[in-house]
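Dear colleague,

Please find below the structure that I am handing over to you. My notes on it follow directly after.

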Amino acid sequence: MPTKRKKSTLTGRTERNRAKIQKQNKRQDLDYQQKEFERDNSTRRARRSNESNLTAESSRDLSSLRARVSDPVYSHNRLERDNSTRRARRSDGNYQQNENERDNSSRRVRRSDVNYQQNEAERDNISLRARRNKPIAWNTAVETYEKNIRDGPCHRCCSCDKLIFTNQISMKTTNDKMIEKGYTEQYLRTLILEELYDSEEYTFCSTCNDYIKANKIPRFNINNSNLKFPVIPDEFKELDLQPLEERCVAARIPFMKLKALGCDRQLGITSGVVNVPIDVRRTIESIPARPLDSGVIELTLKRKTIYRSYYMKERVRPGAIWKAAQLLCNTELYKHEGITLNHAYESQDMNLQDPEPSSSNTVPNVETGNMSNSELQQTPTAVVPQNTEQENYIPEETLLDSNEGLNFAPGEGQIPIPMFLDQYCEELSFPTIFFGTARKKQPHS
Ligand SMILES: [Zn+2]
């Protein structure tokens, strides 16, 4: 019996092999192949017409797929294969364009349904909240921050001229692309900074981008607001006025209380700003008139000359101060304020030896550390405060300073002007920024 079974097994195998070979031969014929394919399809269709067969087939397929995907090697290979196929297909520009159009149109169709739109917004909100609430490791946060600030704020928003970091760029586009999107040239001329118009690429910050998407002019757009700083003439720029030199020619000193705020210790203003008007002519005359164009003197700016503490102490160039004052006195705002200079004063070497007599209320408040007592008696003196118990009032050191140099308190004795009554206080306070030019009024005011 065993021999017989063995024989029949062998015969069966041979028959199967023969049938296989015959089938392979038949498949060489294209007609046969087509017929076989159609037959298979119709059989499959017939099977699938039955609901239970269809369910069984999909559950079988699903479970086999799940089994395959659970294998990490298989899923890795599958992902790589898919990615490379997609990459190869996308290298073709036409395919990419077709894909984009297809995606866009299907998205548009889906979004026409209000329910879908609502669901999408909710889903987006949930995922955004989840991302924001996701705890971030300290190292990752530091790395991200350092990566973001590595290049510095080196990009300009083409609308508001704000300097932004790379990660703050909300939109990068070109002139052609914006025209393609339907923005008019007139709109672009208003939107884009004059010097950046027609540049290779436009960058926008997120605030401006929101307005652009709504086809509006951004609120902080430079061309459409009075935020643009005036052009400073080269002659004034070349002087490169230092902070204290600027104070000498400024017609206002805004006293502010600055305080380091928050964890990053940036400075913020606390309480009100005291806007003190300054007599520029008197201030200039309190500084030695041009000992030499290249000469420097040490100058100390104080609130009152009697105070030991000072606000600023620098070496200043009287020549540069005089030239800056001359240029500023020709500007519209300085003329409007009636600020003039005594040109006869320019020829004097040192004004301190021949001070202009003045009342005690409007003194330029100069004191020197290298003058004799007789000279000091002739020099205009500080107004002595009525409250002598004030904290930093030192009666015994009223005039003489331990450092040789010049102390001055241009704001002493002046009556502050409320900022809302002083229309040009900002322009007069910072001549290196505004150069005696009044700002335009807000278009909507
Ligand atoms: Zn902007």
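A residue is buried if 20 or more other C-beta atoms lie within 10 Å of its own, exposed if 12 or fewer, and partly exposed in between, with C-beta atoms placed from the backbone. This is a predicted model, in which local features need pLDDT of at least 70 and side-chain atom pairs count only at pLDDT 80 or more, while totals for chains, interfaces and linings use all residues. Residues are numbered from 1 along each chain as its sequence is written.

Most residues other than glycine have a negative phi. R265, which is not a glycine, has a positive phi near 60 degrees. R265 counts as exposed, with 9 C-beta neighbours inside 10 Å. R265 is found in the loop between β5 and β6 (strands are DSSP runs of E, at least two residues, and helices runs of H or I, at least four, numbered from the N terminus). Strands β5 (residues 252–261) and β6 (residues 266–277) are antiparallel and share nine bridges; two strands pair if DSSP finds at least two bridges between them.

D161 also shows a positive phi, of about 65 degrees, without being a glycine. D161 is partly exposed, having 18 other C-beta atoms within 10 Å.

Yours sincerely
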